[in-house]
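Reader: Hi, I have a structure to go through for class. Can we take it step by step?

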Amino acid sequence: GEVDAELGRMMQMASRRVPPDRLELLRDRFQHQAVESLILKNVLTEAVGANGVVVTDEDVAEAMTKFRENLPPGMTLEQILEMNNWSQEEFDRNLRMDLSINKLLEQNVEEVKEPTDEELGKFYEENAERFDVPETVSARHILVAVETTDTQEQRDAKKAKAEELREKLVAGSDFAEVAAESSDCPSKTRGGDLGTFGRGQMVQPFEEAAFTQKIDEIGPVVETQFGYHIIQVQKHEDPRRLALDDVKERLGKGLHAQKRQEAAQKYVAELKKKSN
(Lines give C-alpha, C1' and ligand atoms only; values in the text may rest on other atoms or scores of the structure.)
Protein backbone atom coordinates (compact mmCIF):
# COMPACT_ATOMS: atom_id res chain seq x y z
CA GLY A 1 0.00 0.00 0.00
CA GLU A 2 2.83 2.42 0.82
CA VAL A 3 4.52 1.59 -2.47
CA ASP A 4 1.29 2.08 -4.40
CA ALA A 5 0.71 5.46 -2.77
CA GLU A 6 4.26 6.62 -3.51
CA LEU A 7 4.06 5.29 -7.07
CA GLY A 8 0.77 7.11 -7.62
CA ARG A 9 2.28 10.36 -6.38
CA MET A 10 5.28 9.98 -8.69
CA MET A 11 3.09 9.14 -11.69
CA GLN A 12 0.84 12.12 -10.98
CA MET A 13 3.80 14.52 -10.85
CA ALA A 14 5.34 13.05 -14.01
CA SER A 15 2.04 13.32 -15.89
CA ARG A 16 2.47 17.10 -15.98
CA ARG A 17 5.53 16.83 -18.22
CA VAL A 18 5.41 13.34 -19.79
CA PRO A 19 2.95 12.29 -22.57
CA PRO A 20 0.44 9.61 -21.42
CA ASP A 21 1.77 6.93 -23.81
CA ARG A 22 5.31 7.35 -22.49
CA LEU A 23 4.23 7.70 -18.88
CA GLU A 24 3.04 4.09 -18.72
CA LEU A 25 6.45 2.94 -19.97
CA LEU A 26 8.02 4.58 -16.93
CA ARG A 27 5.83 2.77 -14.41
CA ASP A 28 8.31 -0.05 -13.67
CA ARG A 29 11.17 2.41 -13.18
CA PHE A 30 9.06 4.59 -10.89
CA GLN A 31 7.95 1.55 -8.90
CA HIS A 32 11.57 0.52 -8.35
CA GLN A 33 12.42 4.08 -7.28
CA ALA A 34 9.44 4.12 -4.91
CA VAL A 35 10.53 0.86 -3.26
CA GLU A 36 14.14 2.04 -2.86
CA SER A 37 12.99 5.40 -1.52
CA LEU A 38 10.73 3.82 1.10
CA ILE A 39 13.38 1.31 2.17
CA LEU A 40 15.89 4.10 2.62
CA LYS A 41 13.39 6.21 4.52
CA ASN A 42 12.53 3.34 6.88
CA VAL A 43 16.18 2.50 7.50
CA LEU A 44 17.01 6.11 8.30
CA THR A 45 13.89 6.53 10.44
CA GLU A 46 15.00 3.58 12.56
CA ALA A 47 18.46 5.12 12.90
CA VAL A 48 16.97 8.47 13.92
CA GLY A 49 15.14 6.75 16.78
CA ALA A 50 18.11 4.61 17.79
CA ASN A 51 20.40 7.64 17.95
CA GLY A 52 17.97 9.86 19.83
CA VAL A 53 17.97 12.61 17.22
CA VAL A 54 15.69 15.47 18.27
CA VAL A 55 14.19 18.16 16.05
CA THR A 56 12.78 21.15 17.90
CA ASP A 57 9.76 23.25 16.97
CA GLU A 58 12.22 26.09 16.31
CA ASP A 59 14.04 23.89 13.74
CA VAL A 60 10.74 23.17 12.00
CA ALA A 61 9.68 26.83 12.00
CA GLU A 62 13.02 27.91 10.53
CA ALA A 63 12.85 25.23 7.82
CA MET A 64 9.27 26.22 7.01
CA THR A 65 10.29 29.85 6.59
CA LYS A 66 13.10 28.89 4.23
CA PHE A 67 10.77 26.61 2.28
CA ARG A 68 8.26 29.41 1.74
CA GLU A 69 11.02 31.85 0.76
CA ASN A 70 12.28 29.44 -1.92
CA LEU A 71 8.92 28.75 -3.54
CA PRO A 72 8.73 29.77 -7.23
CA PRO A 73 7.18 33.21 -7.79
CA GLY A 74 3.41 33.02 -7.59
CA MET A 75 3.45 29.51 -6.08
CA THR A 76 1.88 28.89 -2.67
CA LEU A 77 2.34 26.11 -0.14
CA GLU A 78 -1.25 25.05 -0.72
CA GLN A 79 -0.53 24.56 -4.42
CA ILE A 80 2.52 22.45 -3.57
CA LEU A 81 0.39 20.27 -1.30
CA GLU A 82 -2.23 19.83 -4.01
CA MET A 83 0.35 19.00 -6.69
CA ASN A 84 1.87 16.28 -4.48
CA ASN A 85 -1.45 15.04 -3.12
CA TRP A 86 -0.33 15.76 0.45
CA SER A 87 -2.36 16.89 3.41
CA GLN A 88 -0.92 19.58 5.67
CA GLU A 89 -0.36 16.92 8.34
CA GLU A 90 1.59 14.71 5.92
CA PHE A 91 3.73 17.65 4.86
CA ASP A 92 4.50 18.64 8.46
CA ARG A 93 5.32 15.05 9.37
CA ASN A 94 7.58 14.59 6.36
CA LEU A 95 9.33 17.90 6.98
CA ARG A 96 10.09 16.98 10.59
CA MET A 97 11.36 13.56 9.50
CA ASP A 98 13.53 15.07 6.76
CA LEU A 99 15.06 17.43 9.31
CA SER A 100 15.71 14.49 11.65
CA ILE A 101 17.43 12.54 8.87
CA ASN A 102 19.52 15.57 7.92
CA LYS A 103 20.61 15.94 11.56
CA LEU A 104 21.47 12.25 11.71
CA LEU A 105 23.60 12.42 8.57
CA GLU A 106 25.21 15.66 9.72
CA GLN A 107 26.28 13.98 12.97
CA ASN A 108 27.95 11.23 10.97
CA VAL A 109 29.90 13.49 8.63
CA GLU A 110 30.84 16.35 10.96
CA GLU A 111 34.25 14.78 11.63
CA VAL A 112 35.18 14.72 7.95
CA LYS A 113 38.23 16.95 7.72
CA GLU A 114 38.93 19.71 5.25
CA PRO A 115 41.18 18.58 2.38
CA THR A 116 44.89 19.20 2.95
CA ASP A 117 47.09 21.34 0.72
CA GLU A 118 48.61 18.10 -0.58
CA GLU A 119 45.16 16.76 -1.54
CA LEU A 120 44.25 20.01 -3.23
CA GLY A 121 47.51 20.09 -5.16
CA LYS A 122 47.15 16.46 -6.23
CA PHE A 123 43.59 17.00 -7.47
CA TYR A 124 44.64 20.15 -9.33
CA GLU A 125 47.52 18.38 -11.09
CA GLU A 126 45.40 15.38 -12.04
CA ASN A 127 42.53 17.55 -13.34
CA ALA A 128 44.39 20.58 -14.66
CA GLU A 129 42.32 20.80 -17.85
CA ARG A 130 39.20 21.41 -15.75
CA PHE A 131 40.65 24.79 -14.81
CA ASP A 132 41.11 25.98 -18.39
CA VAL A 133 39.14 29.14 -19.15
CA PRO A 134 38.28 29.71 -22.82
CA GLU A 135 38.77 32.97 -24.70
CA THR A 136 35.91 35.40 -24.02
CA VAL A 137 34.82 38.90 -24.83
CA SER A 138 32.41 41.28 -23.14
CA ALA A 139 30.58 43.47 -25.63
CA ARG A 140 27.57 45.62 -26.32
CA HIS A 141 25.83 46.27 -29.61
CA ILE A 142 23.13 48.16 -31.42
CA LEU A 143 20.95 46.24 -33.86
CA VAL A 144 19.00 47.58 -36.80
CA ALA A 145 16.84 44.54 -37.47
CA VAL A 146 15.83 43.27 -40.91
CA GLU A 147 12.88 41.08 -41.82
CA THR A 148 12.90 38.20 -44.29
CA THR A 149 10.17 40.06 -46.19
CA ASP A 150 12.24 43.26 -46.58
CA THR A 151 12.98 44.38 -50.12
CA GLN A 152 16.53 45.26 -51.13
CA GLU A 153 15.57 48.91 -50.94
CA GLN A 154 14.38 48.48 -47.35
CA ARG A 155 17.55 46.60 -46.41
CA ASP A 156 19.69 49.34 -47.95
CA ALA A 157 17.79 51.96 -45.96
CA LYS A 158 18.33 50.02 -42.72
CA LYS A 159 22.02 49.63 -43.44
CA ALA A 160 22.24 53.37 -44.02
CA LYS A 161 20.53 53.93 -40.67
CA ALA A 162 23.09 51.70 -38.98
CA GLU A 163 25.91 53.66 -40.59
CA GLU A 164 24.38 56.91 -39.33
CA LEU A 165 24.14 55.55 -35.80
CA ARG A 166 27.77 54.42 -35.99
CA GLU A 167 28.85 57.91 -37.06
CA LYS A 168 27.07 59.37 -34.04
CA LEU A 169 28.95 57.01 -31.76
CA VAL A 170 32.31 57.74 -33.39
CA ALA A 171 31.55 61.44 -32.93
CA GLY A 172 31.16 60.89 -29.18
CA SER A 173 27.49 60.03 -28.52
CA ASP A 174 26.85 57.85 -25.48
CA PHE A 175 26.59 54.20 -26.58
CA ALA A 176 24.05 53.18 -23.95
CA GLU A 177 21.78 56.10 -24.75
CA VAL A 178 21.88 55.46 -28.51
CA ALA A 179 21.20 51.75 -27.90
CA ALA A 180 18.22 52.54 -25.67
CA GLU A 181 16.78 54.88 -28.28
CA SER A 182 17.53 53.06 -31.53
CA SER A 183 18.43 49.37 -31.06
CA ASP A 184 15.96 46.66 -32.09
CA CYS A 185 17.51 44.12 -29.71
CA PRO A 186 16.03 43.42 -26.23
CA SER A 187 19.50 44.25 -24.88
CA LYS A 188 18.58 47.93 -25.46
CA THR A 189 17.17 47.98 -21.91
CA ARG A 190 20.73 47.30 -20.71
CA GLY A 191 22.36 49.84 -22.98
CA GLY A 192 23.05 47.14 -25.55
CA ASP A 193 25.06 45.03 -23.10
CA LEU A 194 25.39 41.38 -24.18
CA GLY A 195 27.50 40.30 -21.21
CA THR A 196 30.43 37.93 -21.61
CA PHE A 197 30.47 35.17 -24.21
CA GLY A 198 32.86 32.70 -25.79
CA ARG A 199 33.36 31.42 -29.29
CA GLY A 200 30.49 29.45 -30.76
CA GLN A 201 27.79 31.42 -28.94
CA MET A 202 27.14 34.09 -31.57
CA VAL A 203 26.50 33.89 -35.32
CA GLN A 204 29.74 33.75 -37.29
CA PRO A 205 29.99 37.31 -38.70
CA PHE A 206 29.19 38.78 -35.27
CA GLU A 207 31.67 36.49 -33.52
CA GLU A 208 34.44 37.24 -35.99
CA ALA A 209 34.01 40.97 -35.48
CA ALA A 210 33.74 40.76 -31.69
CA PHE A 211 36.85 38.63 -31.30
CA THR A 212 39.00 40.74 -33.62
CA GLN A 213 37.98 44.30 -32.73
CA LYS A 214 40.13 46.41 -30.46
CA ILE A 215 38.75 47.17 -27.02
CA ASP A 216 36.46 50.23 -26.86
CA GLU A 217 36.57 50.93 -30.60
CA ILE A 218 33.30 51.39 -32.51
CA GLY A 219 33.58 48.65 -35.11
CA PRO A 220 32.31 48.78 -38.68
CA VAL A 221 28.70 47.80 -39.31
CA VAL A 222 28.39 43.99 -39.34
CA GLU A 223 25.66 42.21 -41.28
CA THR A 224 24.06 38.98 -40.01
CA GLN A 225 20.75 37.26 -40.67
CA PHE A 226 19.29 39.40 -37.86
CA GLY A 227 20.24 42.71 -39.41
CA TYR A 228 23.00 45.28 -39.03
CA HIS A 229 25.09 45.46 -35.85
CA ILE A 230 27.35 48.12 -34.39
CA ILE A 231 29.64 46.41 -31.88
CA GLN A 232 31.81 47.76 -29.10
CA VAL A 233 34.07 45.30 -27.28
CA GLN A 234 34.63 46.30 -23.66
CA LYS A 235 36.82 43.44 -22.49
CA HIS A 236 38.77 40.62 -24.17
CA GLU A 237 40.18 37.71 -22.15
CA ASP A 238 42.66 35.32 -23.76
CA PRO A 239 42.34 31.59 -23.02
CA ARG A 240 44.15 30.73 -19.81
CA ARG A 241 44.51 28.17 -17.05
CA LEU A 242 43.53 29.29 -13.57
CA ALA A 243 46.32 28.94 -11.03
CA LEU A 244 45.83 26.75 -7.97
CA ASP A 245 45.79 29.82 -5.73
CA ASP A 246 42.90 31.24 -7.79
CA VAL A 247 40.71 28.17 -7.25
CA LYS A 248 41.99 26.90 -3.92
CA GLU A 249 39.09 28.14 -1.78
CA ARG A 250 36.38 26.97 -4.19
CA LEU A 251 38.18 23.68 -4.82
CA GLY A 252 38.56 23.10 -1.09
CA LYS A 253 34.83 23.57 -0.50
CA GLY A 254 33.99 21.26 -3.39
CA LEU A 255 36.30 18.45 -2.26
CA HIS A 256 35.15 18.79 1.35
CA ALA A 257 31.50 18.52 0.24
CA GLN A 258 32.41 15.48 -1.86
CA LYS A 259 34.14 13.79 1.08
CA ARG A 260 31.11 14.49 3.29
CA GLN A 261 28.78 13.04 0.67
CA GLU A 262 30.92 9.92 0.36
CA ALA A 263 30.93 9.53 4.15
CA ALA A 264 27.14 9.87 4.26
CA GLN A 265 26.72 7.29 1.48
CA LYS A 266 29.03 4.89 3.30
CA TYR A 267 27.06 5.34 6.53
CA VAL A 268 23.74 4.72 4.77
CA ALA A 269 25.14 1.63 3.02
CA GLU A 270 26.21 0.23 6.40
CA LEU A 271 22.76 0.91 7.86
CA LYS A 272 21.08 -0.93 4.96
CA LYS A 273 23.48 -3.84 5.32
CA LYS A 274 22.59 -4.25 9.00
CA SER A 275 18.87 -3.71 8.56
CA ASN A 276 16.27 -6.42 7.99
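Predicted model: local features only at pLDDT ≥ 70, side-chain atom pairs only at ≥ 80, totals over all residues.

Reader: OK. Which residues of the largest nonpolar core touch the most other members?

Author: Ile 142, Leu 165, Leu 169 and Ile 230 do. The core has 13 residues.

Reader: What is Ile 142 in contact with, leaving aside its neighbours within four places in sequence?

Author: Its contacts are Leu 165, Leu 169, Phe 175, Val 178, Ala 179, Ser 183, Tyr 228, His 229 and Ile 230.

Reader: Let's zoom out. How many helices and strands are there in the protein chain?

Author: The chain has 11 helices and 6 strands. The chain is more spread out than a compact globule, because its radius of gyration is 28 Å, well over the 19 Å that the globule rule gives for 276 residues.

Reader: And what does the C-alpha trace span along its principal axes?

Author: About 80 × 50 × 40 Å.

Reader: How much of the chain is made up of buried residues?

Author: Buried residues make up 35% of the 276. The accessible surface comes to about 17800 Å², and 49% of that belongs to carbon and sulfur atoms.

Reader: What about charges? How many positive and negative side chains are there?

Author: There are 38 positive and 55 negative ones. The centres of the two sets lie 2 Å apart.

Reader: Back to single residues. Is Ala 63 buried or exposed?

Author: Ala 63 is buried, because its relative accessible area of 17% is under the 20% cut-off. It lies in helix α4 (residues 57–69).

Reader: What does Ala 63 touch, not counting residues up to four places away?

Author: Leu 95 and Leu 99. The C-alpha atoms of Ala 63 and Arg 96 are separated by 9.1 Å, and these two are 33 residues apart along the chain.

Reader: Now Ser 37. Where does it lie?

Author: In helix α3 (residues 27–50). Ser 37 is partly exposed, with a relative accessible area of 38%. Its C-alpha atom is separated by 30 Å from that of Glu 114, 77 residues apart along the chain.

Reader: And Glu 6, what is it in contact with beyond its neighbours within four places?

Author: Ala 34 and Leu 38. Glu 6 is in helix α1 (residues 2–14). The C-alpha atoms of Glu 6 and Leu 38 are separated by 8.4 Å.

Reader: Last one. What is phi of Asp 216?

Author: Near 75°, a positive value in a residue other than glycine. Most residues other than glycine have a negative phi. Asp 216 sits in the loop between α10 (204–212) and β4 (222–224).

Note on methods
Residues numbered from 1 in each chain as written. Heavy atoms only, no water. Helix = DSSP H or I, 4+ residues; strand = E, 2+ residues; numbered from the N terminus. Rg over C-alpha atoms; globule rule 2.2 N^0.38 Å. Buried < 20%, exposed > 50% of the residue type's maximum accessible area, 1.4 Å probe, protein only. Areas by Shrake-Rupley, 256 points an atom, 1.4 Å probe, with all protein chains shown as cover. Lys, Arg positive; Asp, Glu negative; His and termini not counted. Charge placed at Lys NZ, Arg CZ, Asp CG, Glu CD. Core = buried A, V, L, I, M, F, W, Y, C linked by side-chain atoms within 4.5 Å. Contact = heavy atoms within 4.5 Å.
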